Amino acid sequence: QVQFLESGGGSVQAGGSLRLSCAASGHIWNRNCMGWFRQAPGKEREGVASISPRGGTIIYSDSVKGRFTISQTISQDDATVTVLLQMNSLKPEDTGMYYCAIGYIGDCTVATDLKGYWGQGTQVTVSS
């Protein structure tokens, strides 16, 4: 099992910024990736950004490239990994529930392919 602590969602006007944080602990030592996904009402959950365990591989969806930045820090005892998603130049279409996830295979880019665990989600609302 993995415990997630997500924070940072909120409401912002278009053009603004938010930073999401996800601290994961528990069964994290053999992860293959961590990622952020989002789901708008009536739409499927989609991958936003993902990062490999040591940060060597970072993948962004085309819709957020150049605006969002994913990064991570690992505690000294390797017990907790914190993944941040800095979101700049936000648009109304970025609105949705944002979920942190950990994956044990694959690259955390496709929600239906995730073999791992999901966080509880944090709401992001961007108004025009």
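## Arg45 and two rings

Arg45 places its charged end over the ring of Tyr99, 3.7 Å from the ring centre. The charged end of Arg45 also sits over the ring of Trp118, at 4.5 Å from its centre. These positions come from a predicted model.

## The Tyr99–Trp118 pair

There are three aromatic pairs in the count. One of them joins Tyr99 and Trp118 edge-to-face, with 6.4 Å between centres and 80° between the planes. This pair links distant parts of the chain: Tyr99 belongs to strand β9 (residues 96-103) and Trp118 to strand β10 (residues 116-118), 19 residues apart.

Tyr99 has 13% relative accessibility and therefore counts as buried. Trp118, at 31%, counts as partly exposed. Together with Phe37, Tyr99 and Trp118 form one aromatic cluster.

## The Tyr104–Tyr117 pair

Tyr104 and Tyr117 are edge-to-face because their planes stand at 90°, with ring centres 6.1 Å apart. This pair, too, links distant parts of the chain, with Tyr104 in the loop between β9 and β10 and Tyr117 in strand β10, 13 residues apart.

Tyr104 is buried, with a relative accessible area of 18%, while Tyr117 is partly exposed at 27%.

## Thr69

Thr69 lies in strand β7 (residues 68-74). Its relative accessibility is 41%, so Thr69 counts as partly exposed. Setting aside neighbours within four places in sequence, Thr69 contacts Tyr60, Leu84, Leu85 and Gln86. Between Thr69 and Leu114 there are 21 Å, C-alpha to C-alpha, and the two are 45 residues apart in sequence.

Note on methods. Residues are numbered from 1 along each chain as its sequence is written. This is a predicted model: local features need pLDDT of at least 70, side-chain atom pairs count only at pLDDT 80 or more; totals for chains, interfaces and linings use all residues. Side-chain values use heavy atoms; hydrogens and water are left out. Helices (H or I, at least four residues) and strands (E, at least two) are DSSP runs, numbered from the N terminus. Buried means under 20% relative accessible area, exposed over 50%, partly exposed in between (1.4 Å probe, protein chains only). Contact means heavy atoms within 4.5 Å. Rings of Phe, Tyr and Trp (its six-membered ring) pair if their centres lie within 6.5 Å; planes under 30 degrees apart count as stacked, over 60 as edge-to-face and the rest as tilted. A charge sits over a ring if NZ of Lys or CZ of Arg is within 6 Å of the ring centre and within 35 degrees of the ring normal.
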